[in-house]
Amino acid sequence: MRRYLTIGLILSLLLTGCALPGKKKLQYQATYLDVFDTVTCITAQSDNEDAFWEQAGQIHDRLLHYHRLFDIYNDYEGLNNLKTVNDHAGIGPVKVDGEILRLLEDCRDYYELTDHAVNAAMGSVLSLWHAARTAGLADPDHAALPDKAALKEAAAHTDWASVKIDEEAGTVYLSDPALRLDVGAVAKGWSAQRAAEAAPEGFLISVGGNVCATGPKDDSGTPWVVGITDPDGGSEYLHTLYDTDSAIVTSGDYQRYYVVDGETYHHIIDPATLYPARRFRSVTVICGDSGLADALSTALFVLPKEEGEKLAQSCGAEAMWVDTEGNCFYTPGFQNWICG
């Protein structure tokens with residue numbers, strides 16, 4: 001079984017098909033494997049290869065910086081990150097980089113926006129699933145679910161009121177000793193957005209399928225083409241989408257999962273049930289901000305479709321759902337993004 005399956009969005013680098021005619025330039029792509037435990041691809045057209053690699057390197061360095069800041073599993077010498085904050089839960093405030101404060105403030109807003117469907121303070125619950133999945137992948141014959149009583153106990157320690165953010169002091173303090181932060185539902189998209197804002201025009205940045213375009217691929221306005229993966233692993237994309245300056249993010253049950261007694265258990269946990277959400281196979285969101293798109297793709301995966309559609313439309317986003325039978329549903333404007 002593949003531990004990490006195909007990313008939710010695949011970059012289509014074809015210069016024919018859906019691509020519009022324009023001035024042809026040499027196209028370069030840099031691929032990195034050290035950011036957010038996934039594949040990161042940075043693509044652009046350029047008439048100067050050295051300039052491309054320098055710019056791609058700067059984008060990568062920014063993403064790597066965010067990866068270390070938001071890491072909840074590893075320590076880094078001389079750096080207070082989210083693991084440091086978690087390790088000091090109930091002990092005292094931790095002085096952190098301003099970007100951690102900014103991310104956590106956005107996470108708190110997403111928590112309210114999504115009616116608690118996306119909760120970065122749910123790390124105590126998610127850690128139980130992470131441990132069970134890691135053990136199950138290492139030893140499939142003895143794969144097991146987290147203990148129900150332990151999940152219920154962990155769920156009692158997920159209240160944002162216990163996350164004390166002091167902007168003036170630049171600190172974060174978890175007043176509940178058992179609360180843990182986990183920003184996995186937001187961090188890749190949020191970081192991709194920040195990297196895109198600092199990147200030159202005409203780049204396509206994909207962090208594990210969280211895609212941001214910083215402008216068309218060439219001076220004539222040719223859009224990028226982004227493919228939406230079939231959750232069943234088919235060789236054909238479900239759709240290909242035009243993109244010039246927006247974010248496209250997919251959440252799916254086929255990315256990280258393990259098997260217990262013949263049933264798959266993926267990584268997107270419904271806060272209401274404390275178990276993997278079962279309504280959909282994948283959800284794709286298009287909007288102007290990748291951090292918001294990341295949060296929305298998770299929320300729409302968890303929420304009933306009617307509630308999710310209202311949420312997407314209230315945020316000016318478009319969405320596509322793939323249900324457990326393979327049926328596709330769309331917000332009214334999503335079709336405008338499809339090639340052809």
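A residue is termed buried when its relative accessible area is under 20%, exposed when that area is over 50%, and partly exposed in between, for a 1.4 Å probe and protein chains only. By this definition Cys339 is buried, with a relative accessible area of 11%.

The structure is a predicted model, in which local features need pLDDT of at least 70 and side-chain atom pairs count only at pLDDT 80 or more, whereas totals for chains, interfaces and linings use all residues. Residues are numbered from 1 along each chain as its sequence is written, and side-chain values use heavy atoms, with hydrogens and water left out.

**Aromatic pairs**

Rings of Phe, Tyr and Trp (for Trp, the six-membered ring) are paired if their centres lie within 6.5 Å; planes under 30 degrees apart count as stacked, over 60 as edge-to-face and the rest as tilted. Across the whole structure, eleven aromatic pairs are found. Two of them are tabulated below.

| Pair | Distance between centres | Angle between planes | Class |
|---|---|---|---|
| Trp129 and Tyr275 | 5.3 Å | 80 degrees | edge-to-face |
| Tyr258 and Tyr265 | 6.3 Å | 50 degrees | tilted |

Helices (H or I, at least four residues) and strands (E, at least two) are DSSP runs numbered from the N terminus. Trp129 belongs to helix H4 (residues 123-138) and Tyr275 to strand S15 (residues 275-276), so their pair ties together parts that are 146 residues apart in sequence. Trp129 is buried at 2% relative accessible area. Elsewhere, one aromatic cluster is formed by Tyr28, Phe52, Trp53 and Phe203.

**Charges over rings**

A charge is said to sit over a ring if NZ of Lys or CZ of Arg is within 6 Å of the ring centre and within 35 degrees of the ring normal. Arg194 lies over the face of Trp190, at 4.6 Å from the ring centre. The charged end of Lys305 is placed over the ring of Trp321, 5.2 Å from its centre.

Trp190 also takes part in the surroundings of Glu99: apart from neighbours within four places in sequence, Glu99 is in contact (heavy atoms within 4.5 Å) with Tyr66, Leu69, Phe70 and Trp190. Glu99 lies in helix H3 (residues 98-113) and is buried, with a relative accessible area of 19%.

**Cysteines**

A disulfide is a covalent bond between the sulfur atoms of two cysteines. The criterion applied here is a pair of cysteine sulfur atoms within 2.5 Å, and the resulting count is zero disulfides. For Cys315, the closest cysteine sulfur is that of Cys287, at 7.6 Å, too far for a bond. Cys315 is partly exposed, at 22% relative accessibility.
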